[in-house]
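This briefing is for a reader new to the structure. It covers a metal site, a hairpin and a domain contact.

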Amino acid sequence: MTIAPPQQLQARSIRMNPADNVAIVVNDGGLAAGAVLESGLVLTQRVPQGHKVALQMIAAGAAVRRYNVTIGYALQDIAAGAWVQERQLQVPAAQELSQLPMASLAVPQPLPLEGYSFEGFLNADGSVGTRNLLAITTTVQCVAGVVAQAVSRIKTELMPLYPFVDDVVGLEHTYGCGVAIDAPEAIIPIRTLRNISLNPNFGGEIMVVSLGCEKLQPSRLLPPGSFPIIKGGSASDPADTVCLQDEHHVGFMSMLDSIVQSARPHLERLNARRRQTLPASALVVGVQCGGSDAFSGVTANPAVGFAADLLVRAGATIMFSENTEVRDAADQLTQRAASPEVAQAIVRELDWYDRYLARGQVDRSANTTPGNKAGGLSNIAEKAMGSIVKSGSFAISHVLAPGERLTAGQKGLVFAASPASDFICGTLQLAAGMNLHVFTTGRGTPYGLAEVPVIKVATRTDLARRWHDLMDLNAGRIADGQASIEELGWELFHLMLAVASGRKKTWAEHWKLHNQLVLFNPAPIT
Ligand code: CA
């Protein structure tokens with residue numbers, strides 16, 4: 001059976017701002033030469049879906065404007081009605097970080113939004129989980145195979161006894177040995193792992209599997225005194241640790257048995273927990289995009305931005321990240337900072353990242369993928385404008401460096417600095433303490449995490465139709481003229497509350513689509 005696409009009755013295009021001299025084509029399959037836009041403009045050549053059409057003659061050297069921002073300079077004359085392509089544009093120079101407006105914008109105070117709640121798991125430290133998971137922290141990749149088998153045994157042997165525990169997750173990674181562990185920047189992967197083990201979805205139950213001889217010793221990963229003694233641990237060994245090289249382990253089965261036995265008391269305590277009604281302010285939402293197209297900044301990301309404002313108004317925490325995708329809008333971030341100190345912290349993170357990229361002899365052109373370009377995004381300047389709208393409109397109240405964790409009072413809009421890589425960004429937002437993840441995509445990705453529910457938002461109806469059992473929300477309805485950004489934003493907000501409550505599962509949860517944790521390690525490997 002084939003499903004016919006809806007009839008394309010008329011040519012549709014979207015101009016983001018009245019000052020723009022380009023618009024993007026909305027119709028599935030693009031528009032042929034001769035198609036007439038709503039304004040009466042006739043296309044002089046075929047323009048693919050999501051790609052830009054010149055709304056007027058753009059002379060060589062003139063600025064090409066989208067979002068009322070220069071996304072490039074024309075390298076040749078571009079006729080009205082022509083397809084504006086990547087090779088016709090010169091990318092604008094990067095903004096100087098030393099001359100940015102600092103906390104200069106009078107951002108309106110959020111109007112409190114009250115009366116919204118969800119059902120979550122309240123932890124002893126006041127944080128709130130949206131899932132009730134047993135996580136097994138690992139110090140080194142060497143133990144990954146053993147932990148995977150232990151997890152499989154725990155699932156078949158123990159999980160039926162503990163019906164109120166949602167799942168058991170092995171926190172596997174490639175770090176822990178063969179790395180320059182004393183390099184200054186090793187702090188990033190180490191604190192990332194530490195803080196992931198403290199994620200609210202794991203209920204404060206920490207169990208660790210270590211090899212024994214690795215550089216990242218359990219006491220270095222989770223030093224005594226750095227956080228309260230974990231249930232099951234002692235003052236000398238604050239977390240409950242199984243060490244595979246311990247002499248009492250004779251044979252592989254002994255290791256497996258030891259891990260499975262260690263899991264029991266943790267599962268016992270997790271199983272005794274119940275969801276309770278908590279205000280929406282307990283949500284900690286991480287947002288990011290991946291597989292972006294020209295619709296990302298028109299449909300899904302603005303809807304996420306609207307929902308971000310609702311979360312800020314409800315007193316919740318919302319994190320946005322992806323350094324390379326905000327770099328070209330650095331001035332928009334620093335002027336929206338709640339204070340000069342916050343603006344300075346944004347500059348600190350972007351400057352550190354500039355130097356990190358320079359060390360690897362790459363520049364901002366390293367971002368934007370072939371898929372981005374096929375989807376109509378010419379360069380990183382254009383991508384950044386579409387990416388940053390996910391952060392909504394309120395002031396940025398806090399900044400986290402990669403791998404850092406939010407503290408109790410850090411509510412509102414947070415810039416959690418991270419690479420834009422989907423898996424690394426998700427991993428760092430987990431470390432920051434997110435209990436819900438929102439992911440927008442235009443090209444499509446089956447992305448999911450075992451540690452936290454991931455709500456995926458499609459930017460186009462065509463993607464939502466084809467990936468009907470992978471996408472949780474279709475923001476393409478905005479481009480189709482069937483819903484407004486506000487309506488989609490509210491829909492996403494309600495969906496977040498339902499997913500956080502466990503009333504609704506995301507498609508990634510349904511299919512158990514789990515990407516690996518990928519640590520950001522800017523330090524050398526030995
Ligand atoms: Ca991303």
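Along the chain, the donors of the calcium ion follow the spacing Q-C-x32-E-x97-A-x1-D. Glutamate 322 sits in the loop between strand S16 (317–320) and helix H6 (323–326), while aspartate 422 belongs to helix H11 (residues 422–432), so the pair ties together parts that are 100 residues apart in sequence. The model is predicted.

**Calcium site**
- The protein donors are Gln288 (OE1), Cys289 (O), Glu322 (OE), Ala420 (O) and Asp422 (OD), at 2.4 to 2.6 Å from the calcium ion.
- Glutamate 322 and aspartate 422 are both buried.

- Strand S4 (residues 63–66) and strand S5 (residues 69–74) run antiparallel and are joined by four bridges.
- Val64 and Arg66 form the covered face of S4, and Ala63 and Arg65 the uncovered one.
- Opposite alanine 63 stands tyrosine 73 in S5.
- Two residues lie between the strands of this hairpin, in which tyrosine 67 takes a positive phi near 60°.

**Domain 1 and domain 3**
- The domain assignment divides the protein chain into domain 1 (1–93), domain 2 (126–271) and domain 3 (281–511).
- Between the C-alpha centres of domain 1 and domain 3 the distance is 25 Å.
- In domain 1, 23 residues are in contact with 24 residues of domain 3.
- These two domains bury about 1900 Å² between them, with 56% of it on carbon and sulfur atoms.
- Of the area that domain 1 buries against domain 3, Tyr67, Ile71 and Glu86 supply 24%, more than any other three residues.
- Four salt bridges are counted between domain 1 and domain 3.
- A salt bridge links lysine 52 with glutamate 382, whose closest N and O atoms are 2.7 Å apart.

Terms used
Residues numbered from 1 in each chain as written. Predicted model: local features only at pLDDT ≥ 70, side-chain atom pairs only at ≥ 80, totals over all residues. Heavy atoms only, no water. Donors = N, O, S within 2.8 Å, 3.2 Å for Na, K, Ca; no water. Buried < 20%, exposed > 50% of the residue type's maximum accessible area, 1.4 Å probe, protein only. Pairing = 2+ DSSP bridges. Domains from an automatic or database assignment. Contact = heavy atoms within 4.5 Å. Buried area = accessible area lost by both parts, 1.4 Å probe. Salt bridge = Lys/Arg side-chain N within 4 Å of Asp/Glu carboxyl O.
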